[in-house]
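Subject: Structure handover

Hello,

Here is the structure I promised to pass on. Please open it alongside this note; what I found comes after it.

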Amino acid sequence: MSLYAVFGHPIDHSLSPRIHEAFGALTGRLVHYERREAHPGGLAQALAAFAAEGGRGANITVPVKGEAFTLAARVTARAARARAVNTLSWDNGAWVGDNTDGIGLVRDLTVNHGWSLPDRRVLLIGAGGAAQGIVGPLLDAGIAILAISNRTPARAQGLVWACADARVRLAAAGGAAGSRYDLVINATAAGLSGGLPAPLDAVFEDAIVYDLMYGPKARAFLSHARAHGAREVADGLGMLVEQAAESFLLWHGVRPPTPSVLERLRTEVDAR
Ligand code: NDP
């Protein structure tokens, strides 16, 4: 049996082991998947020990996705575009880095929620590692405009430049009051402390609003959006499950069905 794990900090509450073991059961594979602590600067050592124990695949989460990108011997085109790695696969004695966050988000939006992306005007709030991973796949999905807003505008400006795409522009910190978007995505870590991203003056009226956070951590933002006229809202639980399914596909060569896993986790997360 091969060994898999998710690395990051804090990691105690990661749902990834549950998701991957459920995928294993659904596809007839015995999957052993653990949580492992990795603090900034400590990922190389943690991964070396893991590979020596038989580790064959790793998911990487906050705060070491950038570190995983620099440690990988090779990276895929989508990881290179994101400059962040959330999936490592052991191949011929070396780690190969990939990024499944963006495809996971696009699948959740389009397949699970049935929302259409072509020609949509999108506001992305946040410019950290998660935002880096999702901009490329959103553009590939055919959106018309991607405006990026961040508390620290220089970071958003860097992401705009890195996209090198005429559809991508900088929005004022807060989300550009007065400008209307079809889809507003919160990719900030503000929900970790239960609050709203600050500043925040985005227009939510008639928009679809998505938070990468899920469960209670997404409630403040999604309640705010609903109270300000959002048409529909969704949290990031589906993205979490879909990005995991893409990692599972890379490691095991089969894409597991996701609806039953998502449904089970949804019941638990909403009861918190
Ligand atoms: P980073 O630490 O790389 O970036 C954090 C971002 O949040 C930055 O843009 C930062 O702005 C902003 N921010 C943090 N606190 C606040 C605040 N109080 N007000 C306004 N902006 C704030 O984190 P990641 O990008 O990697 O992750 C962001 C979140 O996305 C995580 O909390 C994670 O849980 C979630 N996520 C969910 C996934 C899923 O599958 N559902 C997948 C990946 C991530 P600044 O630059 O000014 O510091």
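In helix H1, the residues Arg18, Ile19, Ala22, Phe23 and Leu26 meet Ser260, Val261, Arg264, Leu265 and Glu268 of helix H10. By class, this contact of H1 with H10 divides into six nonpolar, one polar and three charged residues. Keep in mind throughout that the model is predicted.

H1 covers residues 16-27 and H10 covers residues 259-270. Their axes are 10 Å apart, and the packing angle is about 145°. The crossing of H1 and H10 is right-handed.

Next, helix H5, with two packing partners to look at.

Partner one is H6. H5 spans residues 101-112, and H6 spans residues 129-140. They pack at about 55°, with axes 7 Å apart. That angle is why H5 counts as oblique to H6. The two helices cross in a right-handed sense. On the H5 side, the contact uses Asp101, Gly102, Ile103, Leu105, Val106 and Leu109. On the H6 side, Gly133, Ile134, Pro137 and Leu138 take part. The class count for H5 with H6 is seven nonpolar, two polar and one charged.

Partner two is H9, residues 237-252. Here the angle with H5 is about 120°, and the axes are again 7 Å apart. H5 is therefore oblique to H9. This crossing is right-handed. H5 contributes Asp101, Ile103, Gly104, Leu105, Arg107, Asp108 and Asn112. H9 contributes Gly238, Met239, Glu242, Gln243 and Glu246. The contact of H5 with H9 has three nonpolar, four polar and five charged residues.

Now the ligand. Which of the 23 residues around the ligand come nearest? They are Ala130, Asn150, Thr152, Arg155 and Met213.

- Asn150: a side-chain N or O atom is 2.7 Å from an oxygen atom of the ligand.
- Arg155: a polar side-chain atom lies 2.8 Å from an oxygen atom of the ligand.
- Arg151: a side-chain N or O atom is 2.9 Å from an oxygen atom of the ligand.

Asn150 and Arg155 are also in the list of nearest residues.

Over to you.

Best wishes

Key. Residues are numbered from 1 along each chain as its sequence is written. This is a predicted model: local features need pLDDT of at least 70, side-chain atom pairs count only at pLDDT 80 or more; totals for chains, interfaces and linings use all residues. Side-chain values use heavy atoms; hydrogens and water are left out. Axes are lines fitted to C-alpha atoms, for helices over the stretch in contact, and angles run from 0 to 180 degrees between N-to-C directions. Helices (H or I, at least four residues) and strands (E, at least two) are DSSP runs, numbered from the N terminus. Angles under 35 degrees count as roughly parallel, over 145 as roughly antiparallel, 65 to 115 as roughly perpendicular and the rest as oblique. A crossing is left-handed if the near helix is turned anticlockwise from the far one by less than a right angle, and right-handed if clockwise. Contact means heavy atoms within 4.5 Å. Ala, Val, Leu, Ile, Met, Phe, Trp, Tyr, Cys and Pro count as nonpolar, Asp, Glu, Lys and Arg as charged, and the others, Gly among them, as polar. A residue is near a molecule or strand if one of its heavy atoms lies within 4 Å of it. A polar contact is a pair of N or O atoms within 3.5 Å; within protein, one must be able to donate a hydrogen and the other to accept it, and residues adjacent in sequence count only if both atoms are side-chain atoms.
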